[in-house]
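My notebook is open, and I want to walk through a few things I looked up here. Come along and check them against the view.

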Amino acid sequence: MGAALICLGAMVWLLGGRHYGMRRARLLLADGGVVATGPPSWEQAIGELRRLRGRLRGEWWALVAGLLLALLGTSVIPVVAGAAAVPVLRRVRRARQARSTRDQRAGTVIALCGALAGEVRAGRQPGEALLRAARDSGGLGDGQAAVVAAARFGGDVPGALAVAARQPGAEGLLGLAACWRVAVDQGAGLAAGLDRLDAALRAERDQRADLRAQLSGARATAVLLAALPALGLLLGAAMGADPLHVLLHTGAGLGCLAAGAVFEAAGLWWAVRIVRGAEAV
């Protein structure tokens with residue numbers, strides 16, 4: 001553990017002096033040749049440490065917590081557990097980011113439908129209206145270039161919209177493609193179809209938001225139950241029972257730790273499955 005702390009300090013020191021030559025060049029150009037010499041100061045080291053903290057993702061704090069518990073409990077088991085939790089937490093973070101991106105894209109698709117309906121009512125041709133609405137709302141995502149090219153040069157706009165609808169959260173573009181095809185092939189009013197599509201997409205978004213609000217209580221309960229073991233460890237340490245020593249250095253404690261970890265993982269998996277099943281309905 002002492003060697004690990006020494007390596008950590010060396011890493012911080014190297015990060016502090018990593019761009020030392022670049023700092024000298026900047027000072028040389030800025031101050032007319034007056035450059036402060038010497039090793040990096042503590043303020044620079046602290047600044048580099050803050051930048052390193054900004055680069056670290058949230059899942060790496062599990063490893064930091066494991067190192068801290070390993071120092072307190074003089075055991076390597078928390079380090080292994082923290083390292084094993086990193087990929088799991090990374091997957092959770094990426095899933096959360098993907099859901100946020102999907103919700104944002106769904107909102108931009110709704111904005112695109114509303115803007116396109118307004119442009120058509122203003123008297124513009126569908127192709128020009130789509131160009132303006134796509135430029136203003138940005139609701140086409142990665143497929144915007146293909147859709148804009150099809151609208152500008154008379155290509156297959158519904159086909160391009162269908163391809164762009166494959167992005168998560170952009171499924172509403174399939175309805176836009178259907179409205180466009182009906183309006184072009186049968187001469188139906190495009191603005192009226194877009195109004196109905198916009199209303200349907202907004203109702204679906206509101207229903208999804210209401211469902212997530214109702215499930216927030218279940219999520220909070222699951223998080224609270226997952227944090228109870230840590231609370232138990234803190235209470236045991238406050239009572240002087242030394243729970244880390246019991247869990248990490250005795251046979252009965254190791255057995256309880258393994259059983260508790262299994263039950264904890266199973267409970268979290270079951271709670272997540274229930275919530276995801278409710279969201280998928």
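Predicted model: local features only at pLDDT ≥ 70, side-chain atom pairs only at ≥ 80, totals over all residues.

**Helix 4 and beyond**

I started just after helix 4, where Thr74 takes a positive phi of about 50 degrees. Residues are numbered from 1 along each chain as its sequence is written, and side-chain values use heavy atoms, leaving out hydrogens and water.

Which of its residues are buried, meaning under 20% relative accessible area with a 1.4 Å probe, protein chains only? I found Ala62, Gly66, Ala70 and Gly73. They sit on the same side of helix 4, because they cover an arc of only 80 degrees around the axis, taken from the directions from the helix axis to the C-beta atoms. Helix 5 (77-121) and helix 11 (243-249) are among what covers them, with contact meaning heavy atoms within 4.5 Å.

Next I checked the cysteines. I counted zero disulfides, a disulfide being a pair of cysteine sulfur atoms within 2.5 Å. The sulfur of Cys179 has its closest cysteine sulfur in Cys113, 7.6 Å away, so that is too far for a bond. Cys179 is buried at 17% relative accessible area, whereas Cys256 is exposed (over 50%) at 52%.

Notes. Helix = DSSP H or I, 4+ residues; strand = E, 2+ residues; numbered from the N terminus.
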